[in-house]
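Subject: Structure handover

Hello,

Here is the structure I promised to pass on. Please open it first, then read the notes below it.

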2 protein chains.
Amino acid sequence: MKKAGTCDLNTCFLCQYSIPEWIAAVSDHRQHLFYKKNETIFQEGSPVKGIFFLYDGKVKVHKQWGAEKELIVRFAQKGDILGHRGLGSGDRLYTVSATALEDTTVCYTELSFFEASLKVNPSLALKLMQFYADELQEAERKMRNLVHMDVKGRLADALLELSRLHKALHFTISRQDLAAFAGTTYETIYRNLQEFIAEKLITAEGRAITILNEKKLRRYIVGG
Amino acid sequence: MKKAGTCDLNTCFLCQYSIPEWIAAVSDHRQHLFYKKNETIFQEGSPVKGIFFLYDGKVKVHKQWGAEKELIVRFAQKGDILGHRGLGSGDRLYTVSATALEDTTVCYTELSFFEASLKVNPSLALKLMQFYADELQEAERKMRNLVHMDVKGRLADALLELSRLHKALHFTISRQDLAAFAGTTYETIYRNLQEFIAEKLITAEGRAITILNEKKLRRYIVGG
DNA sequence: CGATCACTTGAGTTTAGTCAAAGCGGGTGG
DNA sequence: CCACCCGCTTTGACTAAACTCAAGTGATCG
């Protein structure tokens, strides 16, 4: 990780919702940090120091289980907030890790300054609240899927979500990460991807995946 | 559901965090509603009209899957907020249902008034944000458990959480609900409960469950 | 007294997780 | 240049957890 220049005011959450009186303070308190591919931005269990806004790059947010296993909770895109799970009422420890999937630039703010911003700026707090509400809904939808859908359905859901995130039918992801995102194992993902390829719903060349038939893919998500 | 009297100012979230100028308005805009056991408070998929605060009773918050299957997302206790998932940025539809587990009184507020309160009262918004952050953490922890823990571990976790919610080692819950909470089926829960009983970690008389050995129960939650 | 409903138990099936091994570049250093 | 090693992919075989189905049991209620 190394430091870099400053952030244009309209990319991140914090800046977009800054009230005029506060813009100067925001400029003073934020800094740009640069992370290389595969570098850890923060680690589950370590104390929360600050909040990150993703300025450029891709980041996975994941929870560990034992040494080997993980669950990817979310992929963050440009403009997204990172580290906000630390704002709860419990211990100030990260409950997830964040790892750069490509070279990534973030806009970083000390926790204390961010909390001060929230107090001073109700519309920021409101916006953040809304963001949480959305994340919570999504998390609960995923929980239901994990319980009631089979792996193939979850994989279809994961692929469609990735496509939505990238705003394209084509994107890149390792099978390992796909497995951790769909909540299953490498081999199972491998076999199910093969099936989707055989059905001509997708193509895959290494990590590059293209969705060919979104509609049929979506059928796997229905269930009862 | 029928209407009832008014709410003492200190039970719910909304009232506790009311700023002085707003208390009169809060009094005008809230009302008490009474729900009988098993009555639906709101239904997944229907439009969000307002926010509820649980004044007395127990409520399950659940997501449906097909006709038969459900997942219980959370049990609400006195003072808890209900319906807050509707505050996200998407459609204003409930993404979960809420059903009274016993006779229940709630303090109800129109959505528009609640949103106005949030704008006027930053500490309410902040408090709610923190609440969401906690819920999100918990939801993500549960997701990880669903993926990586076996049923016995999830049941142990569910039992301990219920005990924590009731602030007692003794509580009452149907096996059906226990299954929906742990993300599994009736029969599987039944068999695993038998095992816990055989190991003298709990007792169960019908729906009444008592935890005998919290420490050993907790061991089932560890995993890797 | 029959019907209904939840509880209890057994048996069979299935999905997906585990383990193991072979294949396949691609890069590195001898 | 070749041999080797590493990491990822591919595939097969086995295993086990837990879901499903089905049927028996017992209690309750009209």
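Contact here means heavy atoms within 4.5 Å. With that rule, 13 residues of domain 1 of chain A are in contact with 11 residues of domain 2 of chain A. Domain 1 of chain A covers 2-144 and domain 2 covers 149-219. These bounds come from an automatic or database domain assignment. The centres of the two domains of chain A, taken over C-alpha atoms, are 27 Å apart.

Some ground rules. This is a predicted model, where local features need pLDDT of at least 70 and side-chain atom pairs count only at pLDDT 80 or more, while totals for chains, interfaces and linings use all residues. Residues are numbered from 1 along each chain as its sequence is written, chains are lettered from A and ligands numbered from 1 in the order in which they are written, and side-chain values use heavy atoms, leaving out hydrogens and water.

**The DNA side**

A residue is near a strand if one of its heavy atoms lies within 4 Å of it. DNA strand D has 13 residues around it. A:Tyr186, A:Tyr190, B:Val151, B:Thr184 and B:Thr188 come nearest. The residues of this surface divide into three nonpolar, three polar and seven charged. Here Ala, Val, Leu, Ile, Met, Phe, Trp, Tyr, Cys and Pro count as nonpolar, Asp, Glu, Lys and Arg as charged, and the others, Gly among them, as polar.

Helix H7 (186-198) of chain A and helix H7 (186-198) of chain B each supply at least two residues of the surface. H7(A) gives the most, with four residues. Helices (H or I, at least four residues) and strands (E, at least two) are DSSP runs, numbered from the N terminus.

Which part of DNA strand D faces the protein? Of its atoms within 4 Å of the protein, 69% belong to sugar or phosphate and the rest to bases.

- A polar side-chain atom of B:Lys69 lies 3.2 Å from a phosphate oxygen of DNA strand D.
- A side-chain N or O atom of B:Glu187 is 3.2 Å from a base nitrogen.
- A polar side-chain atom of B:Arg191 is 3.4 Å from a base oxygen.

**The sheet in chain B**

Four strands of chain B form an open, antiparallel sheet in the order E3-E8-E5-E6. Strands pair if DSSP finds at least two bridges between them. E3 (40-42) and E6 (69-76) are the edge strands, each pairing on one side only. E5 (residues 59-65) and E6 of chain B pair over seven bridges. B:Gln64 stands opposite B:Glu70 in E6(B).

Best wishes

Methods
A polar contact is a pair of N or O atoms within 3.5 Å; within protein, one must be able to donate a hydrogen and the other to accept it, and residues adjacent in sequence count only if both atoms are side-chain atoms.
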